[in-house]
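This report goes through a protein model, from ring pairs to a helix contact and the overall figures. The sequence and structure come first.

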Amino acid sequence: MNSTTSRFRDYFMIFVSILVVLAAWFPFIPLQADDDDDDFVADQVVVKLNLAQGATIEQLNTKYGTTTISVVLQSAGIYLLQIPAGSTPQEVVENIEEDTALVVYVEPNYIGDLPVGGSHTTWAWGGQDPSPFANQYAPDLINLPEAHTITRGDGVIVAVLDTGIQMDHPVLADVLLPGYDYIDDDNDATDVGNGIDDDGDGIIDEGVGHGTHVAGIIHMVAPEASILPLRVLDGDGRGNVFILAEAIQYAVAQGARVINLSLGLRTDSNLLADVIDDAEDDGVVIVGAAGNAGQSNIIYPAGYDDVIAVAAVDVNDVRADFSNYGGWVDIAAPGVQITSTFPTSGYASWSGTSMAAPFVAGQAALLATFAGLDEDDIEDRIRESARRINTQNPNYVDKLGKGRIDVYASMTVFGTPPPMSTPTATATQQATATPTSTPTPTSTPAATPTPIATVAPDGTLVSPEGGALSAIGSSTEFNLSLPADAVTETVRVFVEPVAKLNAANMSPVVGEAWHVRAVNMGGLPLSQLAKSAEMTIVLSPSQFTALNTGDLAFSRWDETNQRWAILPFTLDTVNRRLTVVGDQLGVFAVLADMTERIFLTNVGR
């Protein structure tokens with residue numbers, strides 16, 4: 001976690017706000033703060049005590065004249081404080097930040113306005129006809145119908161921290177849990193505005209409907225998951241970091257397995273980073289929108305390591321021109337002209353990384369129904385099963401994360417775990433000051449089906465960056481090394497001993513034969529590599545001693561001609577290693593006598 005020590009002056013010169021991540025045609029306009037800008041609550045600061053030095057909040061309040069408003073995270077010593085009358089947050093921060101015996105960090109309670117920059121609405125009203133919601137490009141693009149044959153998200157809670165949700169929307173009403181409104185401090189998390197241009201940008205309640213739209217996308221992806229609405233942004237899309245931190249803790253306490261954050265902060269907040277880190281430790285998957293500045297600047301919370309940062313692409317997997325990008329982005333998802341639920345009881349089309357993020361949150365909810373998957377497993381599946389889209393985005397190679405999500409592949413490419421028996425999701429209406437983490441149910445995951453070997457590897461995901469896989473059978477070892485660009489998309493590679501070739505009549509085969517195969521995210525086999533890979537078979541000492549090395553042959557089974565094809569190889573006699581370089585996959589073996597030819601039917605199947 002980053003300290004604010006010696007950084008406040010930099011923060012003060014940057015407009016910092018919690019904001020709804022806006023649509024493509026509504027440009028993101030960075031604003032420079034000046035002394036009059038209300039970019040933090042005028043009379044509050046957040047502190048993290050140095051508990052290691054025995055610091056107490058009473059000591060700090062006595063020394064600096066502050067007053068405790070609320071505890072953010074008591075176990076970590078994080079508090080929201082009222083500053084003395086006549087002081088400004090920047091003055092208090094400057095006074096306290098050097099007192100490292102008392103504090104780890106101190107920062108303002110940041111707030112801000114939506115940087116809208118236009119006089120028209122960001123969404124297009126579609127009326128109350130549900131057909132555009134049910135029939136749009138995104139579900140097919142991410143292989144959602146296939147995924148729903150496996151799971152629909154039953155028993156998982158997804159928290160939506162946004163502008164609230166239309167609680168009686170006919171599509172959402174049955175899956176909504178009682179939420180909380182941190183703006184009005186009540187139990188009604190309804191997505192409404194106040195009819196006032198609170199941020200003075202000439203647009204009234206431009207954020208209204210955003211939370212309902214986001215919730216509808218999550219429901220599209222995980223229709224049986226429960227949604228916990230937490231209103232942290234007002235009708236103009238404004239909020240503050242303290243409210244967001246409280247809501248994240250509350251979501252964890254209510255058993256949320258996934259939290260969607262389609263909002264953004266231009267500057268790193270220590271408080272937000274701490275709370276997100278704590279939530280991730282409790283097993284929660286957190287998804288954040290990458291932002292719509294069309295640039296590589298990091299937006300928080302998406303920029304934190306514990307958050308899945310989501311960029312937006314269109315129907316052709318091309319980066320949306322508004323979407324942020326960069327090495328900090330984890331994944332991409334549909335985010336252009338997405339139709340979803342909207343007040344009142346209708347539908348609207350909206351574009352933005354705000355729309356892309358809930359696709360990933362819904363995907364995480366589906367994966368959370370599997371036993372044995374923790375938050376890291378879920379995040380890995382989302383990233384590593386993605387469709388590579390570098391070809392479609394030559395100017396943004398590896399800047400849109402691992403690629404565009406494939407929901408079905410994320411369930412199947414590693415093998416499909418068993419479903420988790422999960423009770424019906426419930427949530428109480430009253431927020432709690434100190435949330436209690438909900439443990440993730442655990443059970444032993446089922447083995448991925450590739451077993452014939454004594455030690456059966458289950459394959460590895462290999463992207464165009466290349467990869468390696470090693471497997472040990474009963475008497476030999478096989479190693480595969482794929483160079484960069486040997487494959488043009490993410491595939492799953494298997495190296496499996498073919499034990500049946502060890503029968504007595506197969507005596508020319510030394511040790512195991514090895515089946516090297518690969519399938520892409522759609523399950524289609526890959527037999528030809530774009531670049532040659534290196535494969536080695538290591539013989540056991542006893543095998544190697546008994547052989548005439550001059551007669552050894554490294555062979556691949558020629559399925560077409562039903563015979564062993566002898567391959568050029570190198571032999572390292574010291575390490576008993578035979579190495580071949582080639583661009584074809586299949587069944588490989590070391591033969592004891594290169595003059596023999598073995599004709600088998602359906603070898604390796």
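## Aromatic pairs

Rings of Phe, Tyr and Trp, the last taken by its six-membered ring, count as a pair if their centres lie within 6.5 Å. The model examined here is predicted. In the whole structure, a search finds 10 aromatic pairs.

One of these pairs consists of phenylalanine 478 and tryptophan 514, with 5.8 Å from centre to centre and 35° between the planes. The pair is classed as tilted, because planes under 30 degrees apart count as stacked, those over 60 as edge-to-face and the rest as tilted. Distant parts of the chain are linked by this pair: phenylalanine 478 belongs to strand S19 (residues 476–482) and tryptophan 514 to strand S21 (residues 509–520), and the two residues are 36 apart. Both phenylalanine 478 and tryptophan 514 are buried. Together with Phe554 and Phe588, Phe478 and Trp514 form one aromatic cluster.

## Packing of helices H7 and H10

Helix H7 (residues 210–221) packs with helix H10 (residues 353–367) at an angle of about 40°, and their axes are 8 Å apart. The crossing of H7 and H10 is right-handed. On the H7 side, the contact is made by His210, His213, Val214, Ile217, Ile218, Met220 and Val221. H10 contributes Ser354, Met355, Pro358, Phe359, Ala361, Gly362, Gln363 and Leu366. By class, the residues of the contact of H7 with H10 comprise 10 nonpolar and 5 polar, with no charged residue.

## Glutamine 363

Glutamine 363 lies in helix H10 and is among the residues that make the contact with H7. Is glutamine 363 buried or exposed? Its relative accessible area is 0%, so glutamine 363 is buried, the cut-off for that class being under 20%.

Which residues is glutamine 363 in contact with, leaving aside its neighbours within four places in sequence? They are Val221, Ile382, Ser385, Ile405, Asp406, Val407 and Ser410.

## Overall figures

The protein contains 13 helices and 28 strands. It has 605 residues, 58% of which count as buried. The accessible surface of the protein comes to about 23100 Å², and carbon and sulfur atoms account for 50% of that area.

Considering contacts in the protein between residues at least 6 apart in sequence, 77% join residues at least 24 apart.

Key: Residues are numbered from 1 along each chain as its sequence is written. This is a predicted model: local features need pLDDT of at least 70, side-chain atom pairs count only at pLDDT 80 or more; totals for chains, interfaces and linings use all residues. Side-chain values use heavy atoms; hydrogens and water are left out. Axes are lines fitted to C-alpha atoms, for helices over the stretch in contact, and angles run from 0 to 180 degrees between N-to-C directions. Helices (H or I, at least four residues) and strands (E, at least two) are DSSP runs, numbered from the N terminus. A crossing is left-handed if the near helix is turned anticlockwise from the far one by less than a right angle, and right-handed if clockwise. Contact means heavy atoms within 4.5 Å. Ala, Val, Leu, Ile, Met, Phe, Trp, Tyr, Cys and Pro count as nonpolar, Asp, Glu, Lys and Arg as charged, and the others, Gly among them, as polar. Buried means under 20% relative accessible area, exposed over 50%, partly exposed in between (1.4 Å probe, protein chains only). Accessible areas come from the Shrake-Rupley method with a 1.4 Å probe; for residues, only the protein chains shown count as cover.
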